[in-house]
Amino acid sequence: MSSRLPSRTARRRAIAVAAGLSTTALVLTACSGGGGGDGGGGPEDDPIVVGISLPLTGDFSEPGKGVQRGYEAWAEFVNEDGGLLGRQVELKILDDQSNADRVVQDYEALIAQDEVDLVFGPFSTRLVVPSARVAEEYGMLFVEPAGAANEVFEQGFENLFYAAPAIADDHYNYLADHILAMPEDERPQTVAVAAMDDPFAQGTAYGLRDKLADAGLDVVVDEVYPPNTTDFSSIAAKISDSDADMVIGGTQYQDAVNLIVALQQLGYQPDLAAFSTAPTNPEFASAIGSKTEGILSPTGYTETASWPSNVDFVERYTELHGNPPGEDEANAYTTGQVVAAAVEAVGCAEQGDCQQELIDWLRDNEVETVVGPLTWDETGKPQGAHLIQQYVDGEIQIVLPEDTKEADFIYPKPAW
């Protein structure tokens, strides 16, 4: 191992108890042939072990499980195709319980005690930032699928890459541009905002809020709620009483469902309704009573994209699960693609100097993924843009930008 790494002996002492705290661990072993070597038992025959911590329980468990499915699909398909560097891939996944202290313990254990070859990032900015610090301390490449808040890229990380087209503040850029291009007497005039106290959720909501406010729209409600909120009656009442033309939800999944149901019960009918993340979940429509028509959401992924690897991914994932992948699954799969591209190009997958070689390669190269070609700036920020989806005729479809739309933008939104 390279001298770049801190003393493993000291680290093991520090995390001996922490390692035992991670009670949920999934180890995905190779289920198909194609590994390198001829059974001689040398290092070239060993699997490449990828360490991951995910929120499989707690506040972020719903999207966390989606990320898990994406990672597992990536590992299974890579192994079916012969592995990485001719070696099979094995995932070791720990449950961080949506807890920032726990995620630090998990990555400490995975890197220093289990000595995994590679690490992938967790879900949620709240968990990405502390875990990225651990990875950087050990000199590990850290590609992550869900830390999109701007604060992630203000930390000075030199090892981090976000595996999606755009950061949270820019998710709604196409929607903001579309609204502001409307004649002033036709576009929304007032806006109500409710956002989870979470960097990603707030980033998506506030990026849109601020662009509209700077153009003269009046923000009449601006509420923040804790991640574990289940009762949205008071926030819904404020939004309903304001009779805002547009509602923006900085949401994950269950909070968006609960807020929308509360707004429906009060009879509030906005002309535009935009909620981050939740509408792309396949269970969203049934959760709010199928009253989805006109609801908007940004997305970094669409199953209908014609990128070559996406066509293959959708076909194989659908065969595996019986339904196409969602955005969480796709971003996790993209994380695997990004790391795999670097591994195959550099020719190594291990702790030590190899990690810096992987980082340097990604700094200088474009990677083709299921969300399109990705490149990054020096902070790990991707250089792309999110699409805008809307429920049209009962299906969520791309409506912006115009040159990629699958359906026409609906305005005003039909009653829910």
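## Disulfide

The structure, a predicted model, holds one disulfide. Its partners are Cys 348 and Cys 354, with an S to S distance of 2.0 Å. A disulfide is a covalent bond between the sulfur atoms of two cysteines.

The torsion about the S-S bond of Cys 348 and Cys 354 is about 95 degrees, so this disulfide is right-handed. Cys 348 and Cys 354 are both buried.

## Overall make-up

The protein contains 12 helices and 15 strands. Of its 416 residues, 57% are buried.

Among contacts in the protein with a separation of 6 or more, 71% are between residues 24 or more positions apart.

## Packing of H10 and H11

Two packed helices are described by the angle between their axes and the distance between the axes. For helix H10 (residues 308-321) and helix H11 (residues 327-346), the axes come within 12 Å and cross at roughly 120 degrees. Angles of 65 to 115 degrees count as roughly perpendicular and those over 145 as roughly antiparallel, so H10 is oblique to H11. The crossing of H10 with H11 is right-handed.

H10 contributes Ser 309, Phe 313 and Tyr 317 to the contact, and H11 contributes Glu 329, Ala 330, Tyr 333 and Gln 337. By class, the residues of this contact are four nonpolar, two polar and one charged.

## Cis peptide bonds

A cis peptide bond links Leu 400 to Pro 401, with omega about 0 degrees. Pro 401 is placed in the segment after strand S15 (395-400).

Another cis peptide bond links Tyr 411 to Pro 412, again with omega about 0 degrees. Pro 412 also lies in the segment after S15.

Which loop holds Glu 115? Glu 115 is in the loop between helix H3 (100-113) and strand S4 (118-119). Its phi is near 55 degrees, a positive value in a residue other than glycine. The relative accessibility of Glu 115 is 32%, so this residue counts as partly exposed.

Asp 243 is not a glycine either, and has a positive phi of about 50 degrees. This residue sits in the loop between helix H7 (233-242) and strand S9 (246-250). Is Asp 243 buried or exposed? With a relative accessible area of 53%, Asp 243 is exposed, because the cut-off for that class is over 50%.

How values were computed
Residues are numbered from 1 along each chain as its sequence is written. This is a predicted model: local features need pLDDT of at least 70, side-chain atom pairs count only at pLDDT 80 or more; totals for chains, interfaces and linings use all residues. Side-chain values use heavy atoms; hydrogens and water are left out. Axes are lines fitted to C-alpha atoms, for helices over the stretch in contact, and angles run from 0 to 180 degrees between N-to-C directions. Helices (H or I, at least four residues) and strands (E, at least two) are DSSP runs, numbered from the N terminus. Angles under 35 degrees count as roughly parallel, over 145 as roughly antiparallel, 65 to 115 as roughly perpendicular and the rest as oblique. A crossing is left-handed if the near helix is turned anticlockwise from the far one by less than a right angle, and right-handed if clockwise. Contact means heavy atoms within 4.5 Å. Ala, Val, Leu, Ile, Met, Phe, Trp, Tyr, Cys and Pro count as nonpolar, Asp, Glu, Lys and Arg as charged, and the others, Gly among them, as polar. A disulfide is a pair of cysteine sulfur atoms within 2.5 Å. Buried means under 20% relative accessible area, exposed over 50%, partly exposed in between (1.4 Å probe, protein chains only).
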